[in-house]
Amino acid sequence: MSRSIQLSAEEIDFLSGGLKALYPSCPTTDSILRKLDRSTRRITIKSAKAKGRALQQLVCEQLSTLLHLPWGEDGSPIRSREMGQAGVDVILTGEAADRLPFAIECKSSEALSLPAAIAQARHNAETGSLRNRNWMLVHKRKEWTEPVVILPWNGFAWLLKQRDP
């Protein structure tokens, strides 16, 4: 069984020093020290953008399958926004936007600030040509087998009404 705990940098240093002093040549110590070392490394910007891009493309592909609409190319009704550009992560136009009027924000991270992510999704839903759309947040973590969707209650109610008017 695997469990997660949060430790400060000082606590990690304390544990590492103690393990090295008490059990200097133990395979279990070596394994734990490697895991502690790995936990302190930050993901590179390039890797973070690749993770985000992969999630955006997965969402586009899944929406394309569900809506039976093409995705990817410039004229397609479902597109992934290029990394680093402001606005929604998944661009829905034409029939896709009519059938799913949501501003979609994608987050692929182990640590998510839910209030900040919701604020960003809400801001994207209230600005520009997307004004008055519902917002949808798609979140993926490494240990999850699939992303989860977070949306406001009125967006959920809208989806239910589409199924059973």
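**A cysteine and its helix**

Mentor: C60 counts as buried because its relative accessibility is 0%, where buried means under 20% relative accessible area, exposed over 50% and partly exposed in between, with a 1.4 Å probe and protein chains only. This is a predicted model, in which local features need pLDDT of at least 70 and side-chain atom pairs count only at pLDDT 80 or more, while totals for chains, interfaces and linings use all residues. Residues are numbered from 1 along each chain as its sequence is written, and side-chain values use heavy atoms, with hydrogens and water left out.

C60 is one of the buried residues of helix α3, a list that also holds G52, L55, Q56, V59, L63, S64 and L67. Helices (H or I, at least four residues) and strands (E, at least two) are DSSP runs, numbered from the N terminus. Helix α3 covers residues 45-67, and its 23 residues should span 33 Å at 1.5 Å a residue; the end C-alpha atoms are 33 Å apart, which agrees. The expected span is 1.5 Å times one less than the number of residues. Just after α3, H68 takes a positive phi of about 55°.

What do the buried residues of α3 pack against? Their partners are the strands β1 (78-80), β2 (90-92), β3 (102-108) and β4 (134-140), together with helix α4 (94-99); contact here means heavy atoms within 4.5 Å.

The cysteines deserve a separate word. The structure holds zero disulfides, a disulfide being a pair of cysteine sulfur atoms within 2.5 Å. For C60, the nearest cysteine sulfur is that of C106, 7.3 Å away. C106 is likewise in no disulfide, and its nearest cysteine sulfur is that of C60. C106 is buried, with a relative accessible area of 9%.

E95 and R99 both lie in α4, four residues apart, about one turn of the helix. An α-helix has 3.6 residues a turn, so residues three or four places apart point the same way. The closest N and O atoms of the E95 and R99 salt bridge are 3.2 Å apart; the term means a side-chain nitrogen of Lys or Arg within 4 Å of a carboxyl oxygen of Asp or Glu. E95 is partly exposed, with a relative accessible area of 44%, and R99 counts as partly exposed at 35%.
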